[in-house]
Amino acid sequence: MNLYDIVFYVFAALTVVSAIVTVTTKNIIYAAFALMFAFFGVAGIYALLNADFLAVTQILVYVGGILVLLVFGVMLTNKMTSVDIKTGTMQTLPASIIVAALIGTMWRIMYDTQWFNNGAQQQQIQATTKTLGQLLLTDFLLPFEIASVVLLVAIVGAALIARKEPSA
Amino acid sequence: MTVGLPHFLILSAALFGLGLYGIVTRRNAVMVLMGIELVLNSANINFLAFTKYGGVTIAGQAVAIFVIILAACEAAVALAIILNIYKQFNTVNVDEIDTLRD
């Protein structure tokens with residue numbers, strides 16, 4: 001049981017417990033903060049998978065961007081009459097059964113499959129930022145440009161959809 | 001046992017199931033969005049696990065970058081739509097948003 005395994009189990013436990021709190025708690029703000037812990041746990045998993053640039057990007061974009069946006073959405077769409085905002089759930093029993101069956105099937109498949117192992121343990125760890133930068137401008141140039149256009153359209157579209165209508 | 005490819009896949013499957021549970025059972029539209037983000041994160045873990053253990057080149061990490069970008073775009077647009085729905089219906093309960101025109 002080396003250090004890698006211990007760190008993996010710690011981050012996996014953090015992620016799964018935070019995800020469970022996110023989808024089961026009644027308080028929306030608790031759910032948003034549990035989601036933040038889940039994103040941090042996932043960033044730790046990325047770092048364990050030799051994806052250092054992606055781990056930092058995950059924290060910057062997800063925690064610093066998307067989570068803040070979600071909390072804005074929560075605050076703007078609930079009547080702040082009381083201190084805590086509660087939300088309900090519906091039909092938890094059928095959903096639990098179906099989700100448990102789905103997860104159980106996937107786990108069984110993933111555990112039993114003979115995965116093709118190409119000696120990943122012997123690779124030495126190298127930083128990925130430079131390689132990814134070069135990839136984005138050579139092999140992945142077209143998806144990169146299209147992603148830029150999508151981001152621009154999403155910003156303009158979101159601002160357009162959510163603006164106040166000018167009173168006629 | 002030492003941590004290998006199945007461990008990361010099992011973690012991503014668990015996250016996927018939890019995100020799916022959040023999408024299906026939550027009544028608030030913003031909570032459904034949180035479930036969607038969990039599902040996207042689980043797919044990203046899958047991509048990166050196969051990049052490290054499965055003989056895929058570093059292109060797997062480039063795909064994961066694009067998934068993060070698209071998740072950000074989709075969260076922004078979805079929240080704009082939710083704000084608009086709140087202005088129209090005065091609620092974000094997905095059960096009560098059931099008419100196409102006012």
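Chain A has 6 helices and 0 strands. From the N terminus on, the order of elements is simply α-α-α-α-α-α. Before I go further, please keep in mind that this is a predicted model.

I'll stay with chain A for a moment. Of its 168 residues, 22% count as buried. If you take the contacts in chain A between residues at least 6 apart in sequence, 55% of them join residues at least 24 apart.

One residue as an example: Val63(A), which sits in helix α3 of chain A. Is Val63(A) buried, partly exposed or exposed? There are 17 other C-beta atoms within 10 Å, so Val63(A) is partly exposed; the cut-off for buried is 20 or more. Leaving out residues up to four places away in sequence, Val63(A) touches Met36(A), Phe39(A) and Phe40(A). Thr22(A) is 41 residues away from Val63(A) along the chain, and their C-alpha atoms are 15 Å apart.

Now the contact between the chains. Chain A puts in 67 residues and chain B puts in 61 residues. On the chain A side, α1 (3–24), α2 (28–48), α3 (52–76), α4 (92–112), α5 (129–137) and α6 (141–161) each supply at least two residues. The largest share of that side, 11 residues, comes from α3(A). By class, the side of chain A that touches chain B has 48 nonpolar, 18 polar and 1 charged residues.

Next, the two α2 helices, one at a time. α2(A) has 21 residues, which at 1.5 Å a residue should span 30 Å; the end C-alpha atoms are 30 Å apart, so the two agree. Just after α2(A), Asn50(A) has a positive phi of about 60°.

In chain B, helix α2 covers residues 29–53. Its 25 residues should span 36 Å at 1.5 Å a residue, and the end C-alpha atoms are 37 Å apart, which agrees. α2(B) is mostly covered, with 20 of its 25 residues buried.

For α2(A) and α2(B), the axes come within 11 Å and cross at roughly 5°. That makes α2(A) roughly parallel to α2(B), because angles under 35 degrees count as roughly parallel. From α2(A), the residues that meet α2(B) are Ile28(A), Ala31(A), Leu35(A), Ala38(A), Val42(A), Ile45(A) and Tyr46(A). Facing them in α2(B) are Val30(B), Met31(B), Met34(B), Leu38(B), Asn41(B), Ile45(B) and Leu48(B). By class, this contact has 13 nonpolar, 1 polar and no charged residues.

α2(B) also meets α3(A). Their axes come within 11 Å and cross at roughly 170°, and α3(A) and α2(B) are therefore roughly antiparallel to each other. Leu54(A), Ile66(A), Leu70(A), Gly73(A) and Val74(A) are the residues from α3(A). On the α2(B) side they meet Val30(B), Leu33(B), Met34(B), Glu37(B) and Leu48(B). The classes in this contact are 8 nonpolar, 1 polar and 1 charged.

To recap the geometry: α2(B) runs roughly parallel to α2(A) and roughly antiparallel to α3(A).

Key: Residues numbered from 1 in each chain as written. Chains lettered and ligands numbered in written order. Predicted model: local features only at pLDDT ≥ 70, side-chain atom pairs only at ≥ 80, totals over all residues. Helix = DSSP H or I, 4+ residues; strand = E, 2+ residues; numbered from the N terminus. Expected span 1.5 Å × (residues − 1). Buried ≥ 20, exposed ≤ 12 C-beta atoms within 10 Å, placed from the backbone. Contact = placed C-beta atoms within 7 Å. Nonpolar A, V, L, I, M, F, W, Y, C, P; charged D, E, K, R; others polar. Axes fitted to C-alpha atoms, helices over the stretch in contact; angles between N-to-C directions. Parallel < 35°, antiparallel > 145°, perpendicular 65-115°, else oblique.
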